[in-house]
Amino acid sequence: MRASHPATTDAAKTATQNTGVPRNETAEIDIEAFLKAQDAKDQLRFITCGSVDDGKSTLLGRLLYDSKTVFEDQLSATATESKKYGTQGEKVDLALLVDGLQAEREQGITIDVAYRYFETDKRKFIAADTPGHEQYTRNMATGASTADLAVILIDARRGILTQTRRHSYIVSLLGIRQVVLAVNKMDLVDYDQSTFDAIFEEYVAFAEELNLAEVRAIPLSALTGENVFAPSETMAWYDGPTLMATLEDIEVTGERAEQARERPFRLPVQWVNRPNQDFRGFSGTVASGSVSVGDPILASLSGKTSKVKAIVGPAGELEQAVAGQAVTISLRDEIDISRGDLLAHPKSAPDTVDQFAAHIIWMDSDPMLPERTYVARFASDQTIARVTDLTHLIDVNTLDHLAAKTLGLNDVGYCKIALDRPVAFDAYKDNRQTGAFILVDKFTNATVAAGMIDFPLRRASNIEWHDMKVDKLARAAANAQKPRVLWFTGLSGSGKSTVADRLEQKLHALGKRTYLLDGDNVRHGLNKDLGFTDQDRVENIRRVAEVAKLMVDAGLIVLASFISPFRSERQMARALMDEGEFVEVYVDTPLEICEARDPKGLYKKARAGELKNFTGIDSDYETPENAEIVLKSGEVDPDTLADQIIAYLESHS
Amino acid sequence: MQSLSHLDRLEAESIHIIREVAAEFRNPVMLYSIGKDSAVMLHLAMKAFAPGVPPFPLLHVDTTWKFREMILFRDQLAARLGLELIVNINQDGVARGIGPITHGSKLHTDVMKTESLKQALDRHGFDAAFGGARRDEEKSRAKERVFSFRSKSHRWDPKTQRPELWNLYNTRIAAGESVRVFPISNWTELDVWQYIHRENIPLVPLYFAAMRPVVERDGVLVMVDDERLPLAPGEVPQEKLVRFRTLGCYPLTGAVESSAKTVPDIILELLQSRGSERQGRVIDQDQIGSMEKKKQEGYF
């Protein structure tokens, strides 16, 4: 890591006065020359982050104001609002230029990331102003995921806080390698150099453990504008560049820089373009490297290869496409490629496996539960994923690794993830496009986590299914029955086990080979290490489902009787079986009846508070939406209900 | 190999977003408002699917108060590009005689624009709708995601926006829900004009200065586009050299005095201007936070 401040660097000392877009000048402008200069400008995306009240929005408002990006009508509207919500007395509160939501203006805080745009003679900037409150960390991560650089603010009076550390860690986790430490509110500490030096030293010591390439520190005041655009006269002891000069001149390293072209070629296929019989192209944005007409191409998922026939770019046919361009590639051979595939060069193929280790940032108020299934979205592919092992949780203050069973909102964890089929990807450190993923809740569709792949796990290719001579079909035939799982779900006391018991007797009488799995015979043996917390319930059901799967493979009719309150676990069990093998039986008995029956006296204990996490009382039961069979056990006797199931099995055999 | 410029990067990002929607949604539509931002968005969509054409129709929500030149331009463009164009007019509003002059900008916009848009989206069962909004236009837009989730009743909830990391967009929705997608979120007004210049994108002539009949209302120059604009006794429209920075319903859109007749002229004017483009729009200024409120109710 390179850390610099005036004591350690001879970096450019002159601060450029912005003449960027000469919006307010009536002088003659050579428009043709201007347009030509504009065409050549590059782009810097950065975030401003740090703790609450460190002055992020004020700083960004200052950058907009001093770069003359603010229009008169916007300024006068802000002046009106300053009277109502402002914190600067009679002066215009520049933070109100960026805090765009009503709730933000009322509370005087930033809730969501705001994107702002300004430019100078040298560059165009896209700035993301991110919230400082811990509860909005996910919005901060949203801003950081597309940034090249981070400006981390520190209130000179308060120094380095928990949020400073948290944001610095997330910044480095998301692959930003350059940090500008803006030590703000210097006017409130009498422009004291030793205060600044102490903060800088403390930060550098902390940042040693982060994967940052460069830290530059600048003492400034967003409120007065000192060392933002214009150098500060009162801080003559600082002779480094201003913040603006730094942003204008800093050379961006990392993913979005030109080095991305030197990396292996990757193009995630977004869309297959088939406008007519004669054209079949694969559209997507080049994630890294470059590709030319005639180059060999590997479709990572199928392993098939071909050569590039033509490249259609945004301005027509191209000889070569490079990282960052959105193109359409046609190939010489008709090979099967669809959305989700990753085009690469055959000599530098990505990993194509179904397990990997990754960091994840948890972003949902419902905790992450190991073994629960989520939808995983990669560059263009999508599949089902589950966390098989939460290796550790990271304490953002100390960067210590802690043991944990779940991840809560804003926690960062390191874990192993298994997919239901192989996906092509790279490590995040090698490629921010093809090494990232998000997890989505299957039922609420909320984005619950952001993930960064560390490395592939190759277990999948080592454990191969032995192709046995005697298979499921043969065993089913020997038993003269169709093997299945009858999955009884419902509240405690709903009558699941009673009906399952009656059904098993009847099936047995019919000569069927059955097995009844229930809490009694599983909880005392296989699952005796599990309790009743949410994560233990998930693991309980996963094991039961796997056992049921083996028994179905053995040719049995399995009756599984478990409360199984969560939709996602029932769905997981269903997904393990083949089509038609899983029959969900919802024993639909109202809570009042179950509670009145209370065969084991459990409701009484739960109501008395002696039993925690009891389904229906202080733990949710998610009603099945698509059960094959619904039993009204409150209204009909168990014998009739068992016959109802037999009728279903006969009509679906 | 030359490095990608700022405009090249913006262009690629927008094309990526447009393709993502085509691949992931069942029934997308592109809101086409005839303005410069829509023109750029449509141009990008044509590029995204070349040599084919975009696999979705265009939708224009016609309030019946648009400039006549806009309607003419719209119909010619759709025919030239060979794209399906759906025009929705809120007939209920027409029957009730709703208009900006008789009912004010707020009610007119609610009924003829927001309601009409929801009507069209529901009627055709569109699950994703592209819009040409930009984050630099207005403060609440600056906070909005590229893929902006809408409830079954088309509402935007700024407090529960989905985190949107990298370019991995969460496109999952339940039946009846939808998303609004803004492919040119990260473009500024200047970027749009530079791109129009670079790509030579055709625009409605109203953007360019010409002699037009206008009257002054509350400091705003309103063009007399047809006989529906009531004139005060003795009031005579003045012929002035004017143009428009944005286009909407003509009684609600202020003209600016200008001699800019070409795109470079306009860019030059933009560089020297001291007012934002939405300044001429009456509807944003009804109340503090008015755009946010409109968006929550389903406005684009």
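Leaving aside its neighbours within four places in sequence, which residues is V40(B) in contact with?

## Nonpolar cores

In this predicted model, V40(B) is in contact (heavy atoms within 4.5 Å) with I184(B), W187(B), V192(B), Y195(B), I196(B) and I201(B), its neighbours within four places in sequence being left aside. A second, separate core of 56 residues includes V113(A), A150(A), V189(A) and V396(A). The largest nonpolar core has 73 residues, and V40(B), W187(B), W193(B) and I267(B) have the most contacts inside it. A nonpolar core is a set of buried Ala, Val, Leu, Ile, Met, Phe, Trp, Tyr and Cys residues joined through side-chain atoms within 4.5 Å. Buried means under 20% relative accessible area, and exposed over 50%, with a 1.4 Å probe and protein chains only.

## Helix α11 of chain A

The buried residues of α11(A) are K496(A), V499(A), A500(A), L503(A), E504(A), K506(A) and L507(A). They lie on the same side of α11(A) because they cover an arc of only 165° around the axis, taken from the directions from the axis to the C-beta atoms. The face turned away from this buried side carries the exposed residues H508(A) and A509(A).

Among the elements covering the buried residues are β25 (484–489) and α17 (638–651) of chain A. Helices (H or I, at least four residues) and strands (E, at least two) are DSSP runs, numbered from the N terminus.

## Confidence and conventions

Chain B averages a pLDDT of 89; pLDDT is the predictor's confidence in each residue, from 0 to 100. Residues 283–288 of chain B stay under 50. Where pLDDT is low, the predicted coordinates should not be read in detail.

Residues are numbered from 1 along each chain as its sequence is written, and chains are lettered from A and ligands numbered from 1 in the order in which they are written. Local features need pLDDT of at least 70, side-chain atom pairs count only at pLDDT 80 or more, and totals for chains, interfaces and linings use all residues, while side-chain values use heavy atoms, with hydrogens and water left out.
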